[in-house]
Amino acid sequence: ENATVPNRTLTFSVGGGSLNIEGQGDWEVAQKLDILTILGVSSQPAMVTVDGANLTSGFTYESSVQRLNVTGLGLDLNAVGPTSVAWS
């Protein structure tokens, strides 16, 4: 008898000023995604949103290395449907 091992695949795709996270599978991820580091962001974002909601704090930008850091997210990796983090 072949038992199916629970698993979850997380797909991260980035482009056009947004990062989309989508999960598939039946494994429950207990940890929340709290910190994102996005490389290659060419200019200081004035706004960062998570699923359309503006973040008023919790993001920093390092122009010398084109890095956007977003903290304090607490994203549920078991969510149904994609989660979107966008910047502009």
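This dialogue discusses how to read several features of a predicted model.

Colleague: Which conventions apply to this model?

Modeller: The model is predicted: local features need pLDDT of at least 70, side-chain atom pairs count only at pLDDT 80 or more, and totals for chains, interfaces and linings use all residues. Residues are numbered from 1 along each chain as its sequence is written, and side-chain values use heavy atoms, with hydrogens and water left out.

Colleague: How do strands of a sheet pair?

Modeller: Pairing in a sheet runs through backbone hydrogen bonds, either parallel or antiparallel. Here, strands (E, at least two residues) are DSSP runs numbered from the N terminus, and two of them pair if DSSP finds at least two bridges between them. In this structure, an open sheet of three strands has the order β4-β8-β7, with antiparallel pairing. The edges are held by β4 (36-39) and β7 (59-62), each with a single partner strand, so one side of each lacks a neighbour in the sheet.

Colleague: How many bridges join β7 to β8?

Modeller: Four bridges join β7 to β8 (residues 67-70). Thr-60 stands opposite Asn-69 in β8.

Colleague: What is a salt bridge, and how many does a search of the whole structure find?

Modeller: The term denotes a side-chain nitrogen of Lys or Arg within 4 Å of a carboxyl oxygen of Asp or Glu. The search finds one: the side chains of Arg-67 and Glu-62 meet at 2.9 Å, N to O.

Colleague: Where does Gln-66 lie?

Modeller: Gln-66 lies in the loop between β7 and β8. Gln-66 has a positive phi of about 50° although it is not a glycine.

Colleague: What is a cavity, and which residues line the largest cavity?

Modeller: On a 1 Å grid over the protein atoms alone, a cavity is a set of points where a 1.4 Å probe fits but cannot get out; lining residues have an atom within 4 Å of a point. Grid points are joined across faces, edges and corners, and a volume is the space filled by probe spheres set on the points. The structure holds one cavity of 30 Å³ or more. The largest cavity contains about 80 Å³ of space, and its lining includes Leu-10, Ile-21, Glu-22, Gly-23 and Thr-83. The largest share of that lining, three residues, comes from β2.

How values were computed:
1 Å grid on protein atoms, 1.4 Å probe; cavity = no way out; pocket = protein on both sides within 12 Å on 5 of 7 lines; lining within 4 Å.
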